Amino acid sequence: MTGTLTKDKIEQLAPDQASLAAALKLMKPAKWPTLAHDESGELMWGECQGSGAAPYRVIVSAGDLGYKCTCPSRKFPCKHVLAVMWTHCDRPERFERGQFPDWVQEWQSRRRPKTGGLAAAMAAAGVTEGGQKASLSVALAEAEPEKPNDPKAAARAEAQRARLREEREAAVLAGLDDLDRWILDQLNLGLAAFAQRGAQNIKTLTTRLVDAKAPGLAGRLEALSVDIFRTPEQARGDLLFERLATLVLISSAYRNQAKLSPSLQADVRRVTGWSQRRDELLADPNAPRLSGDWIVAATRSEIQPDKLRRLETWLLHTSPAATPNVALLIDFVPVSGGPSSSPFIAGETISAEVVFYPSATPLRALLATQVPTPTAAVWPEFSPGLGAALDAYDLALAQQPWIDSWPLRAKALTVERLSPHHLALVDSDGIRLPLDRAQTDALTPLLGLDPLSALFVWDGHAAMLLAADTPIGRWHEA
Amino acid sequence: LIAVRALSSSDLDRLKQAMLLGLNRQPLKVPEPLLSLGLRAPALEQALTALALAGQQERFERPLLAPAADPVPAVARRLHQDPRPIVPSAPQRAMMRLANVVEKSHVGPIVCVAARRIARAGFRLHPFDLPRLMSHLRDEPRCLGAAERAYLGLTAAGAATAQKVVDGDISPESWTEFPRADRLAFLQNARRKDPVAARALLEGSFASEPAAMRTDLLRALEIGLSVDDLPFLESVAGDRAEGVRDAAAALIAAVPGTDGFSARLADAARCFVREKRSGILSRIGLGDAAVAFKPPPSANPAARPMVLARLFAGLSAADVAAAAEITAADVINALPPDEDVIFAAFFDKAVRDDDRDTMLLLAKARLAIADTRPAMLATILASLARDLSDPVPVDFGEALLASDVWHSALQRFVEGETPAKVKDDGTLIWTAALLPAALAAPLHDRLSSLLPTTSHGARTFIDFMLALEASIQQRGSP
């Protein structure tokens, strides 16, 4: 049995080195009041005493490398699972032989059979044959247990979900009333004095919107409370004007969903805070899908005010004719889990089927399948100049009025220096788009390289370069 | 899209003005184009709708940026005109992995070692990696070529400084305007060529330097130190900064040709005595006379290290050997491995004189100490790798890998049961950084028995070495 699990395989499964190090710390016997396996040694389970009152319950199936842990970590597998595997590898004598406890039996009975053996299991865990890690999206989707096949229970659950949905709809609408009233108050008092009214001004409404189960809008307000103080005083009025206008648009669109197209309905619900389950999206035959080779254009990590780390992976389809040819994978992991990064390396090429969330302007997506491709893909051909790119932004903004930013593509560009700490993207017609000041250091080596073919995100005020094809190679944001 | 652009800029400005000041003070007057769109709702909704539409119109505005005065500074072009080829992608990627995976406390010096190997191979760093790596390299002139200097110049505070840094043509007229590392290297080189002129240069700017800089520059006088320097040294021996006073006192004591120095050298030489071996071989004239270390007796054992530090400060092993009429190897081999103070004094002097052979001799003799003080092994290897410009010779590397002390360190990692005990304390990564590429394979074999987390950094350095070696082979001679 221990032959199935090797340290190499465990290292491959681990989402990062930090997880392995954390697992090592957990290998002390005192941490594990329960550690056992079945007669064959195929199935092992344990209870790990964490910081909470109840221990985390961990189950690992060595045969197909399936696993389950009750801890809240969003790393897959988490350190507890890795610790059980590692201990079984190193110290199998520490495992007692025993009967399955109820919780192990329940997990066993709910598991979907894995038909592909080890390879399929590793793929489900986010590792391909080549050792390449898949998106957390894939891992999550595959790790989702199947529902019990009981029609009565299913009907009860559906009724319960419908009731909760109705309650939430009413709560969101009440929250939108509060939002409108609050915005009107701000207009009556004057936006010029908004910042002086203090953070509490936003905090109260943010809390109210969280209570009203509209976390998307609460998040936008929290971001505004941070951005307002990052913005120079003379530009704060414009920032507020635009952001509050967008909130009013969302609020109005939510109330008038019946008049919107299904895709725009999905957009407004998502931006308000409704989420769509990953497995539902992956199973949705009507969801837009696009297969082919994708360049991992950029990976970004950002800590949100809600203490979640937002991991963005930007994919660029290698065929310029593909539509949509940019996809954004977003994963969230708790900051408390330590450093974490996208499972992809910026610059690599993957062959994947991408499923887009329904939207008037599809962008956010999940990976349905993916395999790494050994050769670097050719950079796709873009239209020359920034004029056409800005037209594409206008179109996207017209189609979905509350987008924050939009990925644009253009070739025949250069990077120019506006001032020592500020760069701009420039085309041959003299159109200049200021680049995000946070990127100045990273983009300084692009000065003097000509021409560039670039993928960047534009929010109406600043461009954030995601990737560029240059005469000395590709530049990627990472 | 056409409708929301209906507001003229003056309408938009008036609307914004009212909202900034507050509708309580300046009641909303809905512009005609919005009224013609059917905006005849109650006043409360009117304000929100006017905000939404006007704010959305503003999001379609495009930025108008005037051309920059110096869009692509000449310095930026220099960054890409360095005639050295950019390091190929395989070693470049391995180098960046190193920067990611190596323990924080080692990463700066390790990146410097890797950058020196790239430079020695005739390549330059990829310009896109400079923003990430420059914080580690900026104080290491051995890593700075034309491209690296150009990047430093681009990010330098003042334009005049930037140009000088880029040109790299530091001269007696301009040397005070360069970064610290450049100035030190310049003064040291000047001392090697013309000690008197170099001292005069220092005297000219000494009073206006900050204390830390005065100390560092003063220490550069150790190269080519002579009685000619005494008047200047005595003039700064009463400096207001303690560091400067200490440095001046140490240098005064190290001036060759003075009575004090000669007496000190003679005292130091007397510590090494040739002892006739007893026995039959010696009686028939075949026994070698061994050199033994006999430090001056000290009444206060606690003061012994201080006494020895003063005695050997600024003396090279060769100086002492010449005075004792033995070889430098005799001196070094006679030292007990725990004589930290004397080893440190000899090593510092060898580094300042760029005396590679003595550095290697000292390191070899010093390795034995790690038997009793395991933590010393990593320190010895680190200081050797940091200070040597090139990897160690193959025979030295083979001896290191075959040594008992290195095997003991490896065994400790194998047997370690706690995370702290299996964590590389620097022994493995610094071994990899020291060895020539010819020994990459034997090192890799020896690391195979370790946990992946323990050897990750060292294995990454091996990957870098091999990738760089392959690139050198592919290109031809370096």
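Analyst: A residue counts as buried when its relative accessible area is under 20%, as exposed when that value is over 50%, and as partly exposed in between. Please keep in mind that this is a predicted model. B:Val244 is buried, because its relative accessibility is 0%.

User: Where in chain B is B:Val244 found, and with which residues is it in contact, leaving aside its neighbours within four places in sequence?

Analyst: Contact means heavy atoms within 4.5 Å. B:Val244 belongs to helix H14, residues 242-253 of chain B. Leaving aside neighbours within four places in sequence, B:Val244 is in contact with B:Phe206, B:Ala211, B:Arg214, B:Thr215, B:Leu218, B:Val236 and B:Asp239.

User: Is B:Thr215 buried or exposed?

Analyst: B:Thr215 has a relative accessible area of 10%, and therefore it is buried. This residue lies in helix H12, residues 211-219 of chain B. With neighbours within four places in sequence left aside, its contacts are B:Gly243, B:Val244 and B:Ala247.

User: Why does B:Lys294 count as partly exposed?

Analyst: B:Lys294 is partly exposed because its relative accessible area is 44%, a value that falls between the cut-offs of 20% and 50%. Its place is the loop between strand S2 (290-293) and helix H17 (304-312) of chain B. Apart from neighbours within four places in sequence, B:Lys294 is in contact with B:Arg270, B:Cys271, B:Val273 and B:Glu275. The C-alpha atoms of B:Lys294 and B:Phe178 are separated by 47 Å, and the two residues are 116 apart along the chain.

User: How does one describe a whole chain, taking chain B as the case?

Analyst: One may begin with its elements and then turn to its extent. Chain B has 28 helices and two strands. Its radius of gyration is 32 Å, whereas a compact globule of 478 residues would have one near 23 Å. The C-alpha trace spans about 120 × 60 × 50 Å along its principal axes. Of the 478 residues of chain B, 47% count as buried. The chain exposes about 22400 Å², and carbon and sulfur atoms supply 54% of that area.

User: How many positive and negative side chains does chain B have?

Analyst: There are 55 positive and 57 negative side chains in chain B, and the centres of the two sets lie 4 Å apart.

User: How is the meeting of the two chains read?

Analyst: One counts the residues in contact and considers the area that is lost. Here 60 residues of chain A are in contact with 50 residues of chain B. The area buried between the chains is about 4700 Å², of which carbon and sulfur atoms give 67%. On the side of chain A, A:Leu187, A:Phe241 and A:Arg417 lose the most area to chain B, together 15% of what that side buries.

User: Which features of the backbone deserve attention?

Analyst: Most residues other than glycine have a negative phi, and most peptide bonds are trans, so departures from either pattern may be noted. A:Lys213 has a positive phi of about 60 degrees although it is not a glycine. A:Lys213 is located in the loop between helix H8 (200-211) and helix H9 (215-230) of chain A. B:Asp354, also not a glycine, has a positive phi of about 55 degrees, and its place is the loop between helix H20 (340-352) and helix H21 (356-366) of chain B.

User: Where are cis peptide bonds found?

Analyst: One joins A:Thr323 and A:Pro324, with omega about -15 degrees. A:Pro324 lies in the loop between strand S7 (308-317) and strand S8 (326-334) of chain A. Another joins A:Asp450 and A:Pro451, with omega about 0 degrees. A:Pro451 is in the loop between helix H14 (440-443) and strand S14 (452-458) of chain A.

Methods:
Residues are numbered from 1 along each chain as its sequence is written. Chains are lettered from A and ligands numbered from 1 in the order in which they are written. This is a predicted model: local features need pLDDT of at least 70, side-chain atom pairs count only at pLDDT 80 or more; totals for chains, interfaces and linings use all residues. Side-chain values use heavy atoms; hydrogens and water are left out. The radius of gyration is taken over C-alpha atoms; the globule rule is 2.2 Å times the number of residues to the power 0.38. Buried means under 20% relative accessible area, exposed over 50%, partly exposed in between (1.4 Å probe, protein chains only). Accessible areas come from the Shrake-Rupley method with a 1.4 Å probe; for residues, only the protein chains shown count as cover. Lys and Arg count as positive and Asp and Glu as negative; His and the chain ends are not counted. The place of a charge is taken as NZ of Lys, CZ of Arg, CG of Asp or CD of Glu. Buried area is the accessible area (1.4 Å probe) that two parts lose on being put together, summed over both.
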